[in-house]
Amino acid sequence: QIAYVISFVFIIAVENELRKEVVTFQRCLSILEEAGNCWKELGAELQISESKLRNIETDHQRARDKASAVLEKWRDIKGRDATVGCLLDAFERSGQK
């Protein structure tokens, strides 16, 4: 049981470190399919303004491209504060996991 507790503590520590990492372009590419399903809700949860979301909707046809634009805009606005944890939380609030 001690090994189980140690493993659990290690997993929590790794997860906490991962949540602090800045979202990279590569990570964005890896989640575009999931983000495409909820790009507008995700954008709202990431605090992208309504006007920017409207522009994204007008400028891009495919949901995947809209999701990419949302994530790019968010990363531009937040910079080093665009972390994995923030993105995961926004996904959960938008109904995705």
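Is Arg64 buried, partly exposed or exposed? Arg64 is partly exposed, with a relative accessible area of 32%. Here buried means under 20% relative accessible area, exposed means over 50%, and partly exposed lies in between (1.4 Å probe, protein chains only). The model is a predicted one: local features need pLDDT of at least 70, side-chain atom pairs count only at pLDDT 80 or more, and totals for chains, interfaces and linings use all residues. Residues are numbered from 1 along each chain as its sequence is written, and side-chain values use heavy atoms, with hydrogens and water left out.

Arg64 takes part in a salt bridge with Glu33. The closest N and O atoms of this pair are 2.4 Å apart. A salt bridge is a side-chain nitrogen of Lys or Arg within 4 Å of a carboxyl oxygen of Asp or Glu. Side chains of opposite charge can pair when their charged atoms come close. Glu33 lies in helix H3 (residues 32–36) and Arg64 in helix H6 (residues 63–78), so the bridge ties together parts that are 31 residues apart in sequence. Helices are DSSP runs (H or I, at least four residues), numbered from the N terminus. Leu29, in helix H2 (residues 25–30), is 35 residues from Arg64 in sequence. In space, the two are 9.7 Å apart, C-alpha to C-alpha. Leu29 is partly exposed, at 36% relative accessible area.

The whole structure holds eight salt bridges. One of them joins Glu45 and Arg93, at 2.6 Å from N to O. This pair links distant parts of the chain: Glu45 sits in helix H4 (residues 39–45) and Arg93 in helix H7, 48 residues apart. Glu45 is partly exposed at 27% relative accessibility, and Arg93 is partly exposed at 48%. Asp65 pairs with Arg62 in a salt bridge, with closest N and O atoms 3.1 Å apart.

Helix H7 (residues 84–93) has Val84, Gly85, Leu87, Ala90 and Phe91 as its buried residues. Just after H7, Gly95 has a positive phi of about 95°.

Helix H5 (residues 50–59) packs against H6. Their axes come within 9 Å and cross at roughly 145°. Axes are lines fitted to C-alpha atoms, for helices over the stretch in contact, and angles run from 0 to 180 degrees between N-to-C directions. Lys52, Leu53, Ile56 and Glu57 in H5 meet Lys66, Ala69, Val70 and Lys73 in H6. Contact here means heavy atoms within 4.5 Å.

Definitions and conventions: Helices (H or I, at least four residues) and strands (E, at least two) are DSSP runs, numbered from the N terminus.
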